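Thank you all for coming. Before I start, please take a moment with the sequence and the model on the screen, and then I will go through the parts I would like us to look at together.

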Amino acid sequence: MTLSFEQLKSMMVFAQIVEQGSLTAAARHIGLSRAVVSYHLKKLESQLGVKLLNRSTRSINLTEAGDAYYQSCRIIADQAATANQQIENLKKEPMGLLKITCPVNIGLQVIVPALNDFRCRYPKIALDVMLTDEVVNIMQEGIDLAIRGAPLPDSGLQARKLSTLPTCLCASPGYLKKRGRPKVPTDLEQHDWVVYKLSSGAVDIRKGSRSYSIAVKGSITTNNAAARTAFIEGGHGVGRVPVYDAQPRIQAGTLELVLEDYELSDINVYGVFPPGSAKSKKLRLLIDYLKEYFAKIDR
């Protein structure tokens, strides 16, 4: 069977239906109407003489034939993307759009300032920056780079470590005056905590060969790092805070270190991106620049 240009287009539409999880999401991602996307799927199934998807009102599932066909469509799409990236890499001045997502607090305090400088260096690279503490589906949202503070779950995504951020325990002067200053790690069990939802329910603290795991509990819980720090400043409890976030507040006198002679676990910051995207010159430039920027903060 001769492959027509129209069928090639239908194959790319089919790949997007699978990756976006629905016809509606695929239509939105590609910029076509849902009716056109449905037309391409039906025409493809008719030309091939097989059913590619089992559809219900709530979900789609690949048939055995659909799964095999999708793998071939994915290879073609990847090769087309690689061809575009090779041309992009030949250009003297990098250009194009980069879509980035990162948590709100580190975004405002570190990533946005870094991107300000990056744009000055590469003015033809456009940026679309999404600040959210929710974990965004990179593939569905068409994200080029996600900043994450945890190792990758089992997925097909790729990651590059950008930095290791030290953390510390802090509380406000008012809270410590009212509740007393913890002198040993076990004292922390009697204190209120400002609980950060996106971390585990315990804080590990160590000194030499001795280590402790302290269960954190308190009347304030938040999924936003900036809100966590603000609540700690407001005198509502003890909290674990990245040093870059705590340092200016310690200098201003609104926070004080707690058990500063003990060590806490660091936060490893990763840049996460779709498979094959590392071939993109503009993405490589951004990742290298962010590593360089984080290194300046460390110094």
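Let me begin with the largest nonpolar core, which has 26 residues, and in which Ile111, Phe118, Leu145, Ile147, Leu286, Leu290 and Phe294 touch the most other members; please keep in mind throughout that this is a predicted model. The elements that give two or more residues to this core are the strands β3 (96-102), β5 (145-148), β6 (158-165) and β15 (267-273), together with α5 (104-121) and α10 (281-298). Which of them gives the most? That is α10, with 8 residues.

As general background, nonpolar side chains in soluble globular proteins tend to be buried together.

Now to the helices, and to α5 again, which packs with helix α9 (residues 243-252) at an angle of about 70°, their axes being 11 Å apart. Because of that angle, α5 is roughly perpendicular to α9. On the α5 side the contact is made by Asn105, Ile106, Gln109 and Val110, and on the α9 side by Tyr244, Asp245 and Arg249, a set that divides into 3 nonpolar, 2 polar and 2 charged residues.

A second pair is helix α2 (residues 23-30) and helix α3 (residues 34-48), which pack at an angle of about 110° with their axes 8 Å apart, so α2 is also roughly perpendicular to α3. The crossing in which α2 passes α3 is right-handed. Here Leu23, Thr24 and Ala27 of α2 meet Arg34, Val37, Ser38 and Leu41 of α3, and the residues of this contact divide into 4 nonpolar, 2 polar and 1 charged.

Let me finish with Leu23, which lies in helix α2. Is Leu23 buried or exposed? Its relative accessibility is 3%, and therefore Leu23 counts as buried. Leaving aside its neighbours within four places in sequence, we find Leu23 in contact with Ile17, Arg34, Val37, Ser38, Leu41 and Arg55. Finally, Leu23 and Ile60 are 37 residues apart in sequence, and from C-alpha to C-alpha they are 8.9 Å apart in space.

Methods:
Residues numbered from 1 in each chain as written. Predicted model: local features only at pLDDT ≥ 70, side-chain atom pairs only at ≥ 80, totals over all residues. Heavy atoms only, no water. Core = buried A, V, L, I, M, F, W, Y, C linked by side-chain atoms within 4.5 Å. Buried < 20%, exposed > 50% of the residue type's maximum accessible area, 1.4 Å probe, protein only. Helix = DSSP H or I, 4+ residues; strand = E, 2+ residues; numbered from the N terminus. Axes fitted to C-alpha atoms, helices over the stretch in contact; angles between N-to-C directions. Parallel < 35°, antiparallel > 145°, perpendicular 65-115°, else oblique. Left-handed = near helix turned anticlockwise from the far one by under 90°. Contact = heavy atoms within 4.5 Å. Nonpolar A, V, L, I, M, F, W, Y, C, P; charged D, E, K, R; others polar.
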